[in-house]
Protein chains: 4
Amino acid sequence: STGHLPDRPLIDSLLLDAWERYRGLDEGAVADYIPALAAADPSLFGLCVAEVDGTIHAAGDVDHEFSIQSISKAFVFALVCQERGYQEVLERVGVDNTGLPFNSVMAIELNDGHPMNPMVNAGALVTTSLVPGASAAAKWEYIQNGLSAFAGRRLALDVQVYESEAATNQRNQGIARLLQSYGRMGFDPLETTDVYTRQCSLLVSARDLAVMAATLADGGVNPITREQVVDPAVCIRVLAALASSGLYEHSGEWLYEIGMPGKSGVSGGIVTIAPGKGGLATFSPRLDVAGNSVRGKRATRYLSGVLGLNLF
Amino acid sequence: STGHLPDRPLIDSLLLDAWERYRGLDEGAVADYIPALAAADPSLFGLCVAEVDGTIHAAGDVDHEFSIQSISKAFVFALVCQERGYQEVLERVGVDNTGLPFNSVMAIELNDGHPMNPMVNAGALVTTSLVPGASAAAKWEYIQNGLSAFAGRRLALDVQVYESEAATNQRNQGIARLLQSYGRMGFDPLETTDVYTRQCSLLVSARDLAVMAATLADGGVNPITREQVVDPAVCIRVLAALASSGLYEHSGEWLYEIGMPGKSGVSGGIVTIAPGKGGLATFSPRLDVAGNSVRGKRATRYLSGVLGLNLF
Amino acid sequence: STGHLPDRPLIDSLLLDAWERYRGLDEGAVADYIPALAAADPSLFGLCVAEVDGTIHAAGDVDHEFSIQSISKAFVFALVCQERGYQEVLERVGVDNTGLPFNSVMAIELNDGHPMNPMVNAGALVTTSLVPGASAAAKWEYIQNGLSAFAGRRLALDVQVYESEAATNQRNQGIARLLQSYGRMGFDPLETTDVYTRQCSLLVSARDLAVMAATLADGGVNPITREQVVDPAVCIRVLAALASSGLYEHSGEWLYEIGMPGKSGVSGGIVTIAPGKGGLATFSPRLDVAGNSVRGKRATRYLSGVLGLNLF
Amino acid sequence: STGHLPDRPLIDSLLLDAWERYRGLDEGAVADYIPALAAADPSLFGLCVAEVDGTIHAAGDVDHEFSIQSISKAFVFALVCQERGYQEVLERVGVDNTGLPFNSVMAIELNDGHPMNPMVNAGALVTTSLVPGASAAAKWEYIQNGLSAFAGRRLALDVQVYESEAATNQRNQGIARLLQSYGRMGFDPLETTDVYTRQCSLLVSARDLAVMAATLADGGVNPITREQVVDPAVCIRVLAALASSGLYEHSGEWLYEIGMPGKSGVSGGIVTIAPGKGGLATFSPRLDVAGNSVRGKRATRYLSGVLGLNLF
């Protein structure tokens, strides 16, 4: 890792370079488990870097909105660490990789009911159950406000995505109920699953994600609004959790290839954080078999190298 | 992470401070599965920082020699990546956390015979099987030379430890044989297990480990001898592999608390790497239930904080 | 196995002998996960044999009523096989031992969502979901009628047990929801779990269980009422399923020691079936660590031997 | 189960009937993991029933010799129970189904090193390690003598099969070594694996297998030689172990469909035992995906029904 980002015109030009290199890649397939995702335009491709001072570098479709999906896990985890203290969250949610798929129940049983980390669904559900608020509505408002603070603008719900996913989230309901039987949930399992489904349906753009990532990169200060969204000590732990489990059971490969904390979502977004420097977000709906955006991953790897972002 | 280490006198004083803070800690127990380890003096405690320019900071028993044990995995992995290319090693050994204990065979079966990462025993055995050399003797010589190059001095074998461990390494033999049945081994399983047992029995001091770590921190250049032991591109991958799996199934917690790639050994050593800055080594034989040196872990956490080493 | 039971006076005397041998055993502990079970009188001990011709042999507390618990699984499975055909039920529920505990979710995931057998909770829930009836009330009525037909008298619900268990059955709800996500459930998961909780709360005596077992022993004909409750072909399969999975992951040991299909319940009942001869039921609330009645298991093993019931 | 077999001419005619029904079935494939098995003539098909009084009923290729393979596990288990006592063998080998494949190492780890049952490879290796004899040669002689006593004639080794399998049995070597590390083996793991490989390479015919099965069916008395090979109490336990684990993780389905203890081998043999009545053996090399002879399984199921052999 170099100590600072390249000069701004060079960042602009490298971003454009990355966009041109990978825009023609048409490997992978758009997620199709719900109609709202299947309808995504596979040609969309956006790359955005937000520096910690608020400078934005963009290439392609950086303002197209899509549901945030699993990327929300990182930011809700940050909010809960801020509210509960990262030490309590370590005990209740954990930060160790399971070595198993994101929706594994075997991981829960092998670990005596512990959800293990906030990036797998079990841990994300427990995390959401710990969000402040005495009701599902209050928790949802807290999350919507919190993620909007990370983005620096009001984020809206994609009602169609939410309703589609709410109709097919039985496995998450089962996981939440199972976690309740282990005494792990901080709130009603069905209501928590519903709030979790909502948080995954928040609409963001690649630009939003870059700003959100830059907020984590700068000790919790939003580079646009200058709001201190979470404390620096929280950011450090969120980045560590992403480094170890952000890409589920493939997190090690991600770190080996890209060398930065990251998180991807099934709608085609990928966010990576360069501590002290800024955030990088990519968006392109075609996914590889592991569920990561094909163009996004390739562009992130390229940019990690040429921008000198690798932590190691 | 700050951009550089504090001034040298401050490092000296912080190291001494850490040593005094934790020297009185007598929690934990010395490893006792072989007599040679059980005989270790539990009062030993050494802390050493090697800067990338070769400056050494020491407190306590930094010249006491002990068997390197699992810490060897990181450096043999580096040697094999250097020789075979880190991409081939990624395919054959992997870098993903298993979520299971270091000696798990279930992890092997759940992953269709893939050893998963170089830090668990399965992956370490495959790694050692890939060391250059047509015979066990040649491989052993390569390893001894290679680890000596990392340390900047000739490292010797602790024959007593080697013989004790060779008499009790049936599980590793079983794992190696199992990996052979999956077509994963690059060399005879029994001979590989023997070489692996030897590599774990190499004698090092905390000072050696700090220099070895500093070599990884500086793109492969030994800070004392200035020898380029491995390439910078290899170092980056070794650090990523340590970050994701260096502490086995507790690697996430380590990263959450300490924020640096690390590796511990059952003889009481812990090594952590601050990329671009230097290496930190601790030595104290009493272990916690997870097999990590109690004083070493506490001192590492403290120093990570006060020296500004956390990557995130 | 001998071809027929001993003479009746000898059965009476052997039953009394067994009762006297084991009545003084006070190992084990009454189930205490709900108050209604914890309140059971640990001194209760009843033994009953029902021959296929309706002759009843009794010793001790054979008319004390207790909730049937897991023993219901065998008889609801029989009813569903009767209604759906044992071949369809084989496909949907399975009859293979999981090698894992009765409430394992790992077993479900390792088998791609298949519930594996009707004796573990996953399979019992799917079985109950397949009970005829368009509503939970209709299914419940079908089960109550069906188990009453096996017993030859109207069985009643223990409302207190039902309500206690309904308040603590989150794990079963989670399992049912998970099975739904795999497309395995034949009915709403929460309602099915409720019906299952009811079926476990039906009140039976050791005498009832002996008659129910004798019905399975005689090709489905109740020895008292002479009603053909299920077909002979169904009985054969129910007995096979009990032989392979009636005692969960310890079924092999049961068969090794006792040599008959059997099923135990956490309230202290055990039922074993001697095909063509009759049924044996024991009741005593103190359980061993595996959840089987201590006196009941000892008495069953003794009687299996002296009555010549071992199938092998 | 009926009390006795049909009249002899009827058995003859039913056997012929079964042979004609299934001789045309050409589903499945001959085992091909070693050349010696791959060379088997797929058209071979033999059916044999040995009554406990020594009457033999045969149809087709009942005198063709083939390697016994896994069927040996049942008989070596019987010999070891005879020598060590079935209670000690229960503790050291176990009789519970694993729910996992025959060569699983995960099963070993999930059960803290316990091999679980004598039919999976782990348990078979421990069983063979417990065979009397201070050397591998002595153990092998004991097994060859013992299985010959079951067959009523001297059984010979197929040297070609033995050598082929000895060259490819790394997984079994790994399992044996792993079991040694858990303190489970009664003899050197490599030598035990070699003896086990030999026992699997003994040559038998369908006629031999029927006689061996009839010996277990008649309390250990060979129906031809009248030798008491093992005690009745041993036979009872061997049959129980076969009932619960003879067909590995599909044992429950076998019992559900066929209702008798059975064991199959990868060379195409299947043996089933009707306690008190006799033994049934089938031979045909084409296997289904689970490794069971296609014609053999179909014929066994048919004959179990028409001969009234189902235990339930």
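The model described here is a predicted one.

The strands under discussion belong to an open sheet of 5 strands in chain C, with the order β3-β2-β8-β7-β6 and antiparallel pairing. At its edges are β3 (56–60) and β6 (262–264) of chain C, each of which pairs on one side only. From one strand to the next, the twist averages 10°. Within this sheet, strand β2 (residues 46–51) of chain C and strand β8 (residues 278–283) of chain C pair in the antiparallel sense over 6 bridges. C:A50 stands opposite C:G279 in β8(C).

Two helix pairs come next. Two packed helices are described by the angle between their axes and the distance between the axes.

| Helix | Partner | Axes come within | Crossing angle |
|---|---|---|---|
| α3(C), residues 72–84 | α10(C), residues 189–200 | 9 Å | roughly 120° |
| α6(B), residues 121–129 | α10(B), residues 189–200 | 9 Å | roughly 105° |

In chain C, the axes of α3(C) and α10(C) cross at roughly 120°, which makes α3(C) oblique to α10(C). The crossing of α3(C) with α10(C) is right-handed. On the α3(C) side, C:S72, C:K73 and C:V76 meet C:Y196, C:Q199 and C:C200 of α10(C). By type, the residues of this contact are 3 nonpolar, 2 polar and 1 charged.

In chain B, the axes of α6(B) and α10(B) cross at roughly 105°, and therefore α6(B) is roughly perpendicular to α10(B). From α6(B), the contact takes in B:N121, B:A124, B:L125, B:T128 and B:S129. From α10(B), B:T192, B:T193, B:V195, B:Y196 and B:Q199 take part. The residues of the contact of α6(B) with α10(B) divide into 4 nonpolar and 6 polar, with no charged residue.

The last topic is the contact between two chains. How many residues of chain B are in contact with chain A? There are 30 residues of chain B in contact with 30 residues of chain A. The area buried between chain B and chain A is about 2,700 Å², and carbon and sulfur atoms give 65% of that area. B:D96, B:Y256 and B:F312 supply 32% of the area that chain B buries against chain A, more than any other three residues.

Notes: Residues are numbered from 1 along each chain as its sequence is written. Chains are lettered from A and ligands numbered from 1 in the order in which they are written. This is a predicted model: local features need pLDDT of at least 70, side-chain atom pairs count only at pLDDT 80 or more; totals for chains, interfaces and linings use all residues. Side-chain values use heavy atoms; hydrogens and water are left out. Axes are lines fitted to C-alpha atoms, for helices over the stretch in contact, and angles run from 0 to 180 degrees between N-to-C directions. Helices (H or I, at least four residues) and strands (E, at least two) are DSSP runs, numbered from the N terminus. Angles under 35 degrees count as roughly parallel, over 145 as roughly antiparallel, 65 to 115 as roughly perpendicular and the rest as oblique. A crossing is left-handed if the near helix is turned anticlockwise from the far one by less than a right angle, and right-handed if clockwise. Contact means heavy atoms within 4.5 Å. Ala, Val, Leu, Ile, Met, Phe, Trp, Tyr, Cys and Pro count as nonpolar, Asp, Glu, Lys and Arg as charged, and the others, Gly among them, as polar. Two strands pair if DSSP finds at least two bridges between them. Buried area is the accessible area (1.4 Å probe) that two parts lose on being put together, summed over both.
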